[in-house]
Amino acid sequence: LRQIEISAEKAIELANEGAYLIDVRTEEEYSEKNYEGSINIPIDNIENINEYPKDATLIFYCEKGGRAEKAVKYAQEQGYANVYNLGSVDKLLG
């Protein structure tokens, strides 16, 4: 399984087309700062992505990229093909 990185510009473009921006930080971290329109699914609850269709585009991010990497691997193992690691939330917040 390979990690697919994505730029903030491309992530926003895909989100505008229906992709899911998923913040895998804790609820507390998410409440402190987040990107409008993103979904908070903490990495400890990553199995909740199974509520989304397998053909959905999922873009994960966290504080630095490590938890997002774990989320991408999990999603790929669950059969999701269109998954990306954005890395840090700060890329979206500029």
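Let's start at Asp-23, which is found in strand 1 (residues 20-23); strands are DSSP runs of E with at least two residues, helices runs of H or I with at least four, both numbered from the N terminus. This is a predicted model, in which local features need pLDDT of at least 70 and side-chain atom pairs count only at pLDDT 80 or more, while totals for chains, interfaces and linings use all residues. Residues are numbered from 1 along each chain as its sequence is written, and side-chain values use heavy atoms, leaving out hydrogens and water.

Asp-23 counts as buried because its relative accessibility is 0%; buried means under 20% relative accessible area, exposed over 50%, and partly exposed in between (1.4 Å probe, protein chains only). The table lists its contacts and those of Leu-58, with residues up to four places away in sequence not counted. Contact means heavy atoms within 4.5 Å.

| Residue | Residues touched |
|---|---|
| Asp-23 | Tyr-30, Asn-34, Ile-39, Asn-40, Ile-41, Pro-42, Tyr-61 |
| Leu-58 | Tyr-20, Ile-22, Ile-49, Ala-75, Tyr-80, Asn-82, Val-83, Tyr-84 |

Leu-58 also belongs to the largest nonpolar core, which has 18 residues, and is among those with the most contacts inside it, together with Val-24, Ile-46, Ile-49 and Phe-60. Such a core is a set of buried Ala, Val, Leu, Ile, Met, Phe, Trp, Tyr and Cys residues joined through side-chain atoms within 4.5 Å. Strand 3 (58-62) and helix 3 (66-77) are the elements that give it two or more residues.

Now to helix 1 (residues 8-16), where Ala-8, Ala-11 and Leu-14 are buried. The face turned away from the buried side of helix 1 carries exposed Glu-9 and Asn-16.
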